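Please read them with the structure open beside you.

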Amino acid sequence: MHKYIGKLAVLHNEQTDLALSQALSTRLAVPLYHSVDRFTTEDFFLSWRDGCLKLLDKELLKKGGLMVEIEPRYGEQRSWPAPKEGALAQAIGRKTKTVVDATTGWAQDSLHIFRMGYDLSCIERSPVMLELLTDAFLRLEQLDWVTRLTLASPELIAGNAINILPQLESSPDCIYIDPMFPAKRKKSALPKKSMLILRDLLGDDM
Ligand SMILES: C[S@@+](CC[C@H](N)C(=O)[O-])C[C@H]1O[C@@H](n2cnc3c(N)ncnc32)[C@H](O)[C@@H]1O
């Protein structure tokens, strides 16, 4: 976790239970602050705001921050299971049942896969992303349609997919991989800001 030292801190929001912020800063071994000013060394902050865990940089402190968005993407049908259509469904295969997303990140692909009704597990190696994902999957389970259909969030597996994949109890029908490329990608399904912040904090995937 030493890679976060001097880069990341937890920023306590007075409307949240202090114990939550303290536990998060302990898990990530980063400082806990009650406020941030221009002398603060860290550039990135995790903070609970509007009922979500958010990642902020100094620029975003006064704005919203980034959370794992659990609502369907623009143009996606709001039903469950959503139709297995589009590039993602085509790549995965309609007859596929079980999918492992080996590089979950902001989970926008994962959540689309989940909404199409595949049986999904999610691997992520970044402790910061895992915190954001844990928060998001808890929020997901509280959505009306998810509770009504008694669906469970995808299983979240912490660690390096390279080590985890060979140890899975049963092989999935499909392994989905979307690493962060060092070179500029022409088109990204993700909002630019999320990817830039993630890359700043985690570095490129090798
Ligand atoms: C480009 S992002 C994935 C974005 C994702 N497809 C989405 O829709 O939000 C890549 C993510 O994969 C994670 N990652 C990269 N290599 C990994 C590995 N070997 N094992 C687990 N996670 C990995 C990174 O930490 C990062 O969060």
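1. With the side chain of which residue does the side chain of Glu42 make a polar contact? The partner is the side chain of Tyr33, at 2.9 Å, where a polar contact is a pair of N or O atoms within 3.5 Å and, within protein, one must be able to donate a hydrogen and the other to accept it, residues adjacent in sequence counting only if both atoms are side-chain atoms.

2. This is a predicted model, in which local features need pLDDT of at least 70 and side-chain atom pairs count only at pLDDT 80 or more, while totals for chains, interfaces and linings use all residues. Residues are numbered from 1 along each chain as its sequence is written, and side-chain values use heavy atoms, with hydrogens and water left out.

3. Glu42 is buried and has no salt bridge, the nearest side chain of opposite charge being Lys58, 6.9 Å away. Buried means under 20% relative accessible area (1.4 Å probe, protein chains only), and a salt bridge requires a side-chain nitrogen of Lys or Arg within 4 Å of a carboxyl oxygen of Asp or Glu.

4. Ala161 counts as buried because its relative accessibility is 12%, and its place is in helix α6 (residues 161-164). The C-alpha atoms of Ala161 and Arg125 are separated by 7.4 Å, although these residues are 36 apart along the chain.

5. Turning to the ligand, a nitrogen atom of the ligand is 2.8 Å from an N or O atom in the side chain of Asp109, and a polar side-chain atom of Asp178 lies 2.7 Å from a ligand nitrogen.

Key: Buried means under 20% relative accessible area, exposed over 50%, partly exposed in between (1.4 Å probe, protein chains only). Lys and Arg count as positive and Asp and Glu as negative; His and the chain ends are not counted. Helices (H or I, at least four residues) and strands (E, at least two) are DSSP runs, numbered from the N terminus.
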